[in-house]
Amino acid sequence: MNDQEMLDKLKESAGDIRIPQALEPEQIKKQLQGRRRIKKKWYRLAATAACLCLLAGSISYQSYVSNSHNQYDMQNRGPFKNGQASRTVSDDNRQASDWEDTDGNSTDTVKENITDTDGEKPLKKLGKMYTLASDYGEVYDVLKKTKAVYSVEKDWDLTDGAVSREEEKSAGAFAQDDAGQAQAEDYSVTNLQTDGVDESDIVKTDGSYIYVVQEEQVKILDVNNQIPELIASIRPELETELVQICEMFVSDQILTLIIQTEKTSMEKGDGSKNKNGEKDSGSEEITEENNEAKKMQAVDDVYCIDTTVETGILTYDISSPEKPVFQKLVSQDGWYQTSRKIDNYLYLFTTQSLRTELSRKYAVTQGMEREWLPHVNGQTIRADCIYLPSQGNQGMILSSIDLADDSRVVDTKLLVDQFVELYVSRNSVYMYRTDYTDKGDRTRIARFVLNSNGMIQAKAAASVKGSIQDTFAICEADGYLRVLTSVINSEPRENHVYVLDEDMKITGRITGLAKGESIYSARFTGKTGYFVTYRNTDPLFTVDFSNPEKPEVKGKLKVTGFSEYLHFWNNSLLLGVGYETNPQDGSQTGVKLSMFDISNPLKVREKARIVLEDADESAGMYQYKCILVDKKKNIIALTTENYDENDQLDYRVFSYKNGKFVSRLKRTLSRKYSYRNNGYTWRSLYVGNILYLVNARKTIAFDINNGYKEIGKVKY
């Protein structure tokens, strides 16, 4: 069958499929208004995939998320910054009560006579947007209502996929202070969003060994003698099919793997029984639902293929890395989105589509909730741990796991909505999503408190105008949440600054900033925030948050181009990585590194710049774990891509000396584009005076003190 015949078949089979509201052309147009420049190859592939999905209607969104995670290393958000590749378009008929009034302080904190697992009463309402389920019947009703609204019988999931993306270090920590341990023991750690909140990744080091995720196994490299040497491999042996190892943590001689597993089964139905496995007595009231079921019963042999996806946490004792010892397995339903580790507690976030074809009568029968609700370690999530919106069929599952206590699951919460993105501080988890309506963009934010004993408590929720365009545009400090948003579906566009207290009440705001532009990057330190907006030039705004009730813009610097990623070099310097542009027409002329002098917030200036005219893209601008910035070693390391006919990938290292950027290394990694060999798959780290460039198939070592000379490599 040739390509045209295949397309004709797909069109024919898709004739009766109704397109979800979120995929209507007008709604897609709204969503695309806020997108970043799209990488050419990814754009072509995404467009092709979208066409096939619309034609066939048979590929569920969760499968798309899984494939995207494979290609983008699970955390990479690809060409769309911060995982904004897809946004939910809300129902235009959503009740007014679902919206938080941004001009008031109406956060609901009424409590029910229900005791949570930590002995405290949970909130009955989480703002105006989420309500604690009193029983499984309420959960069922929300899912059925959502299905009725969208009228979709196929697996269309209006989610954003990844993940959140999915994120970088913030909250007042500078580059050279990423981790006290790194300074003391002289090795680098994963680039983090929040100081003190560890993040999983595909490459980790403990200063003596490098651990590398390679699809279904982990490679362990000994770097005690500088030249990397492969000494061991870990391949989990499981009863279910291992789809892949997603990411990992390394701490205190414990290796924690986050894996994705899949279990597929096929069952044969019995025509003499109803769809709930009971003999059909014929006495049930005839409804449209059970009438359809009776039609199906006429078929003698009905087979059903069912696939269950789980995320697993596996721990290994690596006190002897050449002989890792398996310790514990924890399982949680859903696709892996992200994870965090704070002290001994690991917080696992997974997403699962929530729907059921059972009638309400059977669905809410005791024990039947196992058939349609998520499980953690085989236990169905309790109703009094589930928060519900007025509509939604996508579940965000959050569990806390005590790694110091035999990987015990301490607490679990389930937030039902369409999709959410995440920001995690040391004290809280903020789950947020953007609704696009004719009345304007609104970001809904729910706050869950992370207690020191591992318990998770719903605290409050609110909504603000606009959408969060950059991972760093949301940050908690000094008991306040700072949020930067862009209203992108209005003319002209504009930007807002919000300050919310611990009860999610708005205490201060700045509105109407940079009309006609939107936020591209942001960073906070102490009581000061910086963010970049763009049209044809790059205004870098400085905002003073000393008074939470009256945040104030203190400075505004305009330079050519714009920064997609900001990183504090020290107390007085801010590094920007982005693009140089033609100020006349906005066309991009190369990747640009800028060093901003922020010693005087009133007079911020661009102190140094370097433009890489042979580079069209850098993965570090979109996936912060791909970039290494370290003042102590005077290293700025990143990959760049040139979209000529060969799609060349280069590894570059710079230092900052005497007010200038100095190129230290340029090494070509590939002259032909490959999903397995692109900028998103590489990580930079150092141990002592050796810089290592690592991906799933090779590690290259460079001597920092010897002009970054390549001293060895290993393939595996």
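1. Basis. The model is predicted, so local features need pLDDT of at least 70 and side-chain atom pairs count only at pLDDT 80 or more, while totals for chains, interfaces and linings use all residues. Residues are numbered from 1 along each chain as its sequence is written, and side-chain values use heavy atoms, with hydrogens and water left out.

2. Strand β5. Strands here are DSSP runs (E, at least two residues), numbered from the N terminus. β5 spans residues 209–214 and is mostly covered. Six of its six residues are buried, where buried means under 20% relative accessible area with a 1.4 Å probe, protein chains only. In a regular strand, side chains alternate between the two faces of the sheet. Tyr-209, Tyr-211 and Val-213 point one way from β5. Ile-210, Val-212 and Gln-214 point the other way.

3. The β4 side. Two strands pair if DSSP finds at least two bridges between them. β4 (residues 203–205) is joined to β5 by three bridges, and the two run antiparallel. Thr-205 stands opposite Ile-210. The β4 and β5 hairpin has three residues between its strands. Gly-207 takes a positive phi near 95° there.

4. The β6 side. β6 (residues 217–222) is antiparallel to β5, with six bridges joining them.

5. Sheet β31 to β34. Four strands form an open, antiparallel sheet in the order β31-β32-β33-β34. β31 (562–568) and β34 (605–612) are the edge strands; each has a single partner strand, so one side of each lacks a neighbour in the sheet. Neighbouring strands are turned by 20° against each other on average, direction ignored. Such angles run from 0 to 180 degrees between N-to-C directions, with axes as lines fitted to C-alpha atoms. β31 and β32 (residues 573–581) run antiparallel and share six bridges. His-567 stands opposite Leu-575 in β32.

6. Sheet β35 to β38. This is an open sheet of four strands, in the order β35-β36-β37-β38, with antiparallel pairing. The edges are β35 (628–630) and β38 (660–670); each has a single partner strand, so one side of each is left without a neighbour in the sheet. The twist averages 25° from one strand to the next. β36 (residues 635–642) and β37 (residues 648–657) pair in the antiparallel sense over seven bridges. Glu-641 has Leu-649 in β37 as its bridge partner.

Methods. Buried means under 20% relative accessible area, exposed over 50%, partly exposed in between (1.4 Å probe, protein chains only).
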